[in-house]
Amino acid sequence: MPPKTGKKKAYSHYRSNVLDAIAKAYPKLKKECERQKGLK
């Protein structure tokens, strides 16, 4: 099994994209999405 190089970076990128999509679909949640992006 190959090493999981870049797993953390990929997850971070994925999470950021999901939060951006949520903020776009639900403008009322934009502040919370931005807050959560700042936590990690």
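This is a predicted model: local features need pLDDT of at least 70, side-chain atom pairs count only at pLDDT 80 or more; totals for chains, interfaces and linings use all residues.
Glu32 counts as partly exposed, at 32% relative accessibility. The protein holds 2 helices and 0 strands, and 2 salt bridges are counted in it. Glu32 belongs to one of these salt bridges, with Arg35 as its partner.

**Overall form and surface**
- The C-alpha trace spans about 45 × 20 × 10 Å along the principal axes of the protein.
- Of the 40 residues, 10% count as buried.
- The accessible surface of the protein comes to about 4,000 Å², and carbon and sulfur atoms account for 61% of that surface.
- Helix H1 covers residues 7-25 and helix H2 covers residues 30-39, with a loop between them.

- The side chains of Glu32 and Arg35 meet at 2.7 Å, N to O.
- Both residues lie in helix H2, 3 residues apart, so about one helical turn separates them.
- Arg35 has a relative accessibility of 43% and therefore counts as partly exposed.

- Side chains of opposite charge can pair when their charged atoms come close.
- Lys37 and Asp20 form a salt bridge with an N to O distance of 2.6 Å.
- This pair links distant parts of the chain, with Lys37 in helix H2 and Asp20 in helix H1, 17 residues apart.
- Lys37 is partly exposed, at 35% relative accessibility.
- Asp20 has a relative accessible area of 37%, so Asp20 is partly exposed.

**Nonpolar surface patch**
- Tyr11, Tyr14, Val18, Ile22, Tyr26 and Leu29 make a nonpolar surface patch of about 610 Å².
- Among these residues, Leu29 is placed in the loop between helix H1 and helix H2.
- Leu29 counts as partly exposed because its relative accessibility is 40%.
- A residue needs over 30% relative accessible area to be part of a patch, and Leu29, at 40%, therefore passes that cut-off.

Conventions
Residues are numbered from 1 along each chain as its sequence is written. Side-chain values use heavy atoms; hydrogens and water are left out. Patches are made of residues with over 30% relative accessible area and no salt bridge: like charges are joined within 9 Å, nonpolar side chains (Val, Leu, Ile, Met, Phe, Trp, Tyr) within 5 Å. Accessible areas come from the Shrake-Rupley method with a 1.4 Å probe; for residues, only the protein chains shown count as cover. A salt bridge is a side-chain nitrogen of Lys or Arg within 4 Å of a carboxyl oxygen of Asp or Glu. Helices (H or I, at least four residues) and strands (E, at least two) are DSSP runs, numbered from the N terminus. Buried means under 20% relative accessible area, exposed over 50%, partly exposed in between (1.4 Å probe, protein chains only).
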